[in-house]
Amino acid sequence: LAQHERAAQERGIPFVVADIAGVNLDVDQADDLLLLAEREGATATQRLLRELSVTERVMCV
């Protein structure tokens, strides 16, 4: 986030952080998948994670 903000400032581009539920999670590790699967909501990704039983699969690793 800091790198993006700095790059925008260097170019004179307005920088705004939008706190949008369901979009503000960086999913790059297994624990992040758990958070997304367990988070309130029913996005297509959340439904797929639940259908694939990601919570149980990650806990077994």
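This note goes through the helices of the model and a few of their residues.

1. **Basis.** This is a predicted model, in which local features need pLDDT of at least 70, side-chain atom pairs count only at pLDDT 80 or more, and totals for chains, interfaces and linings use all residues. Residues are numbered from 1 along each chain as its sequence is written, and side-chain values use heavy atoms, with hydrogens and water left out.

2. **Helix 1.** Buried means under 20% relative accessible area, exposed over 50%, and partly exposed in between, with a 1.4 Å probe and protein chains only. Gly 12 follows helix 1 and has a positive phi, near 70 degrees.

3. In helix 2 (residues 30-38), the buried residues are Asp 32, Leu 34, Leu 36 and Ala 37. They pack against helix 3 and helix 4 (54-60).

4. **Helix 2 against helix 3.** The two helices pack at an angle of about 105 degrees, with axes 8 Å apart. Helix 2 is therefore roughly perpendicular to helix 3 (the class for 65 to 115 degrees). Axes are lines fitted to C-alpha atoms over the stretch in contact, and angles run from 0 to 180 degrees between N-to-C directions.

5. **Who meets whom.** From helix 2 come Leu 33, Leu 36 and Ala 37; from helix 3 come Thr 45, Gln 46, Leu 49 and Arg 50. Contact here means heavy atoms within 4.5 Å. By class, this contact has 4 nonpolar, 2 polar and 1 charged residues. Ala, Val, Leu, Ile, Met, Phe, Trp, Tyr, Cys and Pro count as nonpolar, Asp, Glu, Lys and Arg as charged, and the others, Gly among them, as polar.

6. **Gln 46.** Check this side chain. Gln 46 sits in helix 3 (residues 44-51). It is buried, with a relative accessible area of 3%. A polar atom of its side chain lies 3.0 Å from the backbone oxygen of Arg 39. Leaving out residues up to four places away in sequence, Gln 46 touches Leu 36, Arg 39, Glu 40 and Gly 41.

7. **Glu 38.** This residue belongs to helix 2. At 54% relative accessibility, Glu 38 is exposed. Glu 38 and Arg 50 are 12 residues apart in sequence, and their C-alpha atoms are 8.4 Å apart.

8. **Ser 53.** Look at the loop between helix 3 and helix 4, where Ser 53 is found. Its phi is near 55 degrees, a positive value in a residue other than glycine. Ser 53 is partly exposed, at 31% relative accessible area.

Conventions. Helices (H or I, at least four residues) and strands (E, at least two) are DSSP runs, numbered from the N terminus. A polar contact is a pair of N or O atoms within 3.5 Å; within protein, one must be able to donate a hydrogen and the other to accept it, and residues adjacent in sequence count only if both atoms are side-chain atoms. Angles under 35 degrees count as roughly parallel, over 145 as roughly antiparallel, 65 to 115 as roughly perpendicular and the rest as oblique.
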